Amino acid sequence: MIQKPKFLARKYAEQFQDTSIVKAYRHRPPYPLETFEILAELVQAEPRRVLDVGCGSGFLSRQLIEHVEQVDAVDFSEEMLKQARRLPNGDNPGIHWLLGSVEEISLNPPYGLVTAGESLHWMDWNVVLPRFRELLVPGGYLAVVGHDNQPDPWFELLRTIITKYSTNKDFQAYDMLAELEKHGLFKKVGEKTTQPVSFSQSLDDYIESYHSRNGFSRDRMEPAAAATFDREAKEILLKAYPNAVVQMQVVATISWGLPNPG
């Protein structure tokens with residue numbers, strides 16, 4: 001049985017139920033469209049049904065439904081699902097928005113693919129990985145989708161104030177998939193990174209995106225601390241972006257494999 005590090009404790013996962021995080025979520029960069037082509041190719045069985053776990057506001061589900069027959073999108077945050085339904089394609093009849101914990105919610109298998117967009121690390125791996133194997137068609141994959149900015153020269157400048165103001169003081173560097181493989185809960189089969197896509201947003205929106213992350217919920221930070229973080233981040237970033245517009249190249253990395261391969 002694998003023991004999760006402290007910074008992935010349930011109390012930190014619960015921040016994603018905060019209204020302030022839900023409101024800030026829209027400022028996160030979108031996934032490149034190539035992401036959904038890659039995911040669609042991983043669905044190799046009929047019917048082409050996908051389970052999207054920890055779906056949040058539906059960044060994956062609302063695009064992936066254009067490539068498959070059905071998406072069952074699960075999240076434990078009612079506010080996230082309310083927002084998902086209001087966003088573009090959130091009313092698509094092929095998406096079933098399901099409120100609950102993926103560890104125990106009633107589902108309707110089989111699925112040709114399970115997707116997790118930067119949410120798997122908050123779940124109980126000892127429970128969900130064996131469950132995914134049961135829910136998937138034989139040989140079906142779990143795909144973990146992350147996205148990043150390339151390059152990200154300003155992150156090193158922000159690192160010290162991120163550490164200073166984050167409410168998650170237990171954070172440490174951690175390779176989740178490597179640990180899952182080490183404990184026999186996952187076997188990686190492949191990985192692919194999309195071509196970079198240009199994305200720009202105002203400096204204020206970029207800073208606000210940090211408040212959609214664990215440790216920066218406005219509901220849990222002291223108001224003065226949140227305001228000071230915003231001010232200091234803006235002072236740092238204005239040196240690189242004097243026009244107050246952040247230019248970035250967004251990529252997604254899709255890692256897929258067999259959950260609980262046995």
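# Reading features in a predicted model

Val-127 sits in helix α6 (residues 125–135).

User: Is Val-127 buried, partly exposed or exposed?

Analyst: Buried means under 20% relative accessible area, exposed over 50%, and partly exposed in between (1.4 Å probe, protein chains only). Val-127 is partly exposed because its relative accessible area is 34%. Along the chain Val-127 is 126 residues from Met-1, while their C-alpha atoms are 9.9 Å apart.

User: How is the length of helix α10 checked?

Analyst: The expected span of a helix is 1.5 Å times one less than its number of residues. Helix α10 (residues 223–240) has 18 residues, so it should span 26 Å; the C-alpha atoms at its ends are 26 Å apart, which agrees.

User: Which residues of α10 are buried, and what covers them?

Analyst: Ala-226, Thr-228, Phe-229, Asp-230, Ala-233, Ile-236 and Leu-237 are the buried ones. Contact means heavy atoms within 4.5 Å. The cover over the buried residues of α10 includes α7 (155–165) and α9 (203–210). Helix α3 (residues 34–42) can be read likewise: Thr-35, Phe-36, Ile-38, Leu-39, Ala-40 and Leu-42 are buried there. Their cover includes α4 (61–64), β4 (111–117), β5 (136–149), β6 (186–193) and β8 (245–259).

User: Where is His-211, and which residues does it touch?

Analyst: His-211 belongs to the loop between α9 and α10. With a relative accessible area of 0%, His-211 counts as buried. Leaving out residues up to four places away in sequence, His-211 touches Ser-20, Ile-21, Ala-24, Phe-216, Ser-217, Arg-218, Met-221, Ala-226, Phe-229 and Asp-230.

User: Which polar contacts does the side chain of His-211 make?

Analyst: A polar contact is a pair of N or O atoms within 3.5 Å; within protein, one must be able to donate a hydrogen and the other to accept it, and residues adjacent in sequence count only if both atoms are side-chain atoms. A polar atom of the His-211 side chain lies 2.9 Å from the backbone oxygen of Phe-216. The side chains of His-211 and Arg-218 are joined by a polar contact of 3.3 Å.

User: How many cavities of 30 Å³ or more are there?

Analyst: Rolling a probe the size of a water molecule over the atoms shows where empty space is left. On a 1 Å grid over the protein atoms alone, a cavity is a set of points where a 1.4 Å probe fits but cannot get out; lining residues have an atom within 4 Å of a point. Grid points are joined across faces, edges and corners, and a volume is the space filled by probe spheres set on the points. The count is 1 cavity of 30 Å³ or more. The largest cavity holds about 120 Å³ of space.

User: Which residues line the largest cavity?

Analyst: The lining consists of Tyr-25, Arg-28, Tyr-31, Asp-52, Gly-54, Cys-55, Gly-56, Phe-59, Leu-60, Gly-117, Glu-118 and His-147. It divides into 5 nonpolar, 4 polar and 3 charged residues. Here Ala, Val, Leu, Ile, Met, Phe, Trp, Tyr, Cys and Pro count as nonpolar, Asp, Glu, Lys and Arg as charged, and the others, Gly among them, as polar.

User: What is the phi of Glu-118?

Analyst: Most residues other than glycine have a negative phi, and most peptide bonds are trans. Glu-118, not a glycine, has a positive phi of about 55 degrees. Glu-118 is in the loop between β4 and α6. Asn-260, in the segment after β8, has a positive phi near 45 degrees.

User: Where are cis peptide bonds found?

Analyst: The bond from Glu-46 to Pro-47 is cis, with omega near -5 degrees; Pro-47 is in the loop between α3 and β1 (49–53). The bond from Pro-109 to Pro-110 is also cis, with omega near 10 degrees, and Pro-110 is in the loop between β3 (95–99) and β4.

Notes. Residues numbered from 1 in each chain as written. Predicted model: local features only at pLDDT ≥ 70, side-chain atom pairs only at ≥ 80, totals over all residues. Heavy atoms only, no water. Helix = DSSP H or I, 4+ residues; strand = E, 2+ residues; numbered from the N terminus. 1 Å grid on protein atoms, 1.4 Å probe; cavity = no way out; pocket = protein on both sides within 12 Å on 5 of 7 lines; lining within 4 Å.
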